[in-house]
Every structure is written in C-alpha cells, then in structure tokens.
Amino acid sequence: MAKNDVKVLGAWPSPYVMRPRIALNIKSVNYEFLEETFGSKSELLLQSNPVHKKIPVLIHGDKPICESMIIVEYIDEVWTSGPSILPSDPYDRAIQRFWAAYVDEKWFAAMKGLRSAQGEERKAFLDQVTEGLALLEEAFGKCSKGKAFFGGDRIGLLDIAFGSFLGWLKVTEKVNGVKLLDEAKTPGLVKWAERFCADAAVKSVMPETEKLLEFSKVLAAKMKGAPPPKN
C-alpha cells in the first residue's frame with residue numbers, strides 16, 4: 001500500500017495521537033503524519049472529524065476514522081498480517097478494554113487535575129493517581145501472566161492505552177516534585193514502562209520529557225492568557 005494511502009492527523013505532544021502511530025508501527029504500515037498546528041484546526045481535520053473536531057484522525061484511503069482507541073482496533077482488524085494487538089480470547093479482550101477505559105476516564109483525568117491543583121485538592125488528585133497506579137500494578141500482574149507486557153510477549157491494547165501517557169506522567173512528576181512510578185510500590189509497572197519506551201514501535205513517537213515539559217509550560221501560559229515562558 002502506498003504511503004499516502006494512510007495518513008494520521010495529529011500533534012506530537014498528544015498521547016492520544018501516539019496510539020494509532022504505535023499501532024501502525026507494530027503492523028509495519030507506512031503512513032504520512034500530518035501535524036496539526038496548536039491552537040488551530042485544519043480544514044482537513046474539520047472535514048474528517050466534523051462531530052468532535054479533534055485529533056487523532058486516521059485517514060485510510062479516503063475514509064476517516066476517529067477516536068484513538070477505535071482507530072487502534074481498526075488498525076488491528078485491517079492489517080491482520082502483523083502481530084495482533086488485541087487478545088484472541090474474548091474475556092482477555094474485554095478485560096483489556098475495561099482497563100483502557102479506566103485509564104482514560106479515571107486515572108488520566110486525575111493526573112490532569114494534579115497538574116494544576118493546589119492544597120487539599122492537589123492531595124486528593126495525588127491520592128487518586130497513586131491508588132490508580134496500585135490498581136494498574138495489580139492488573140499488570142493478572143493481564144501479563146508473568147510476561148513483559150499487559151498484552152503478553154508483545155505490546156497490546158492496554159499497553160498502548162496506558163503507555164501513551166508515560167511522557168506526561170514524567171512531566172507531572174517533574175512539575176510536582178513527586179515520584180509516581182515507584183520501584184518500591186509499583187515494581188512491575190516500573191520495569192514495564194522501561195520495556196515499553198524502549199520498544200521499536202514506541203521509541204520514534206515517544207516525546208522527550210524535556211521537550212514535553214517546555215510544551216506544557218507554553219500550554220499552561222496560553223490557558224492563563226499569559227505570554228509563554230522564556231528559556
């Protein structure tokens with residue numbers, strides 16, 4: 001398939017955009033990455049995702065597919081010659097989908113809240129994030145069955161869902177002066193995170209922590225209406 005038959009609309013700092021890119025890398029699919037400009041939406045994006053008007057969008061031929069985890073499952077179903085991303089067992093698939101939804105709806109929502117909260121609210125968000133990591137540590141033990149990833153020997157659906165947030169987790173640790181992934185409390189996740197970030201499908205799309213940290217400062221300044229910080 002020609003490279004321009006597969007396009008991803010996105011932005012490099014977005015954890016959600018990382019997901020389809022990792023999935024395409026796992027399947028060894030060549031694609032064109034079309035970078036959206038922060039603070040504006042291209043005509044192609046508005047045409048491709050008229051409902052949510054959000055990235056990422058996968059364009060396969062002339063067909064747009066939206067929402068990151070839906071895109072990942074689509075990639076897994078279309079490019080069957082590459083390694084499977086979803087488990088073959090229906091129960092295992094359901095469990096991975098459950099935890100992927102938990103990561104998006106509960107855990108990452110708490111981590112986003114932690115970045116800007118103060119005082120008691122900050123403590124509440126920090127408790128939610130650490131409790132969530134404890135749950136995910138337990139889930140890793142059950143899902144991985146003693147292997148390297150949530151998906152077993154290879155990166156799977158839940159690895160992609162959770163692993164896409166590792167860059168922002170590191171930024172949150174730096175900004176708040178806390179250690180969230182802790183060798184003493186979450187040893188399985190610490191080793192898993194190292195393996196995930198070192199995987200060939202991930203390395204080229206995982207943002208550098210310092211670059212992401214600088215972007216987060218610019219983002220925070222824009223949200224407050226202040227000028228971006230100077231280096």
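## Basis of the model

Residues are numbered from 1 along each chain as its sequence is written. The model is predicted, so that local features need pLDDT of at least 70 and side-chain atom pairs count only at pLDDT 80 or more, whereas totals for chains, interfaces and linings use all residues; side-chain values use heavy atoms, without hydrogens and water.

## Domain arrangement

## The interface

Contact (heavy atoms within 4.5 Å) links 15 residues of domain 1 with 20 residues of domain 2. About 1,600 Å² is buried between the domains, 70% of it on carbon and sulfur atoms; buried area is the accessible area (1.4 Å probe) that two parts lose on being put together, summed over both. On the domain 1 side, Trp 12, Met 18 and Arg 19 lose the most area to domain 2, together 34% of what that side buries.

Between domain 1 and domain 2 there are 2 salt bridges, a salt bridge being a side-chain nitrogen of Lys or Arg within 4 Å of a carboxyl oxygen of Asp or Glu. The side chains of Arg 19 and Asp 104 form a salt bridge with an N to O distance of 2.7 Å.

Helix H1 (15–26) and helix H3 (68–78) each supply at least two residues of the domain 1 side that touches domain 2. Helices (H or I, at least four residues) and strands (E, at least two) are DSSP runs, numbered from the N terminus. H1 gives the most to this side, with 9 residues.

## Aromatic pairs

The structure holds 15 aromatic pairs. Rings of Phe, Tyr and Trp (its six-membered ring) pair if their centres lie within 6.5 Å; planes under 30 degrees apart count as stacked, over 60 as edge-to-face and the rest as tilted. Phe 162 and Trp 192 are stacked, because their ring centres are 5.0 Å apart and their planes stand at 5 degrees. Phe 162 belongs to helix H6 (residues 157–163) and Trp 192 to helix H8 (residues 187–198), so the pair ties together parts 30 residues apart in sequence.

## The loop between H2 and E3

Most residues other than glycine have a negative phi, and most peptide bonds are trans. In the loop between helix H2 (43–48) and strand E3 (57–60) lies Pro 56, which is joined to Ile 55 by a cis peptide bond with omega about 0 degrees. Lys 53 is found in the loop between H2 and E3, and its phi is positive, near 55 degrees.
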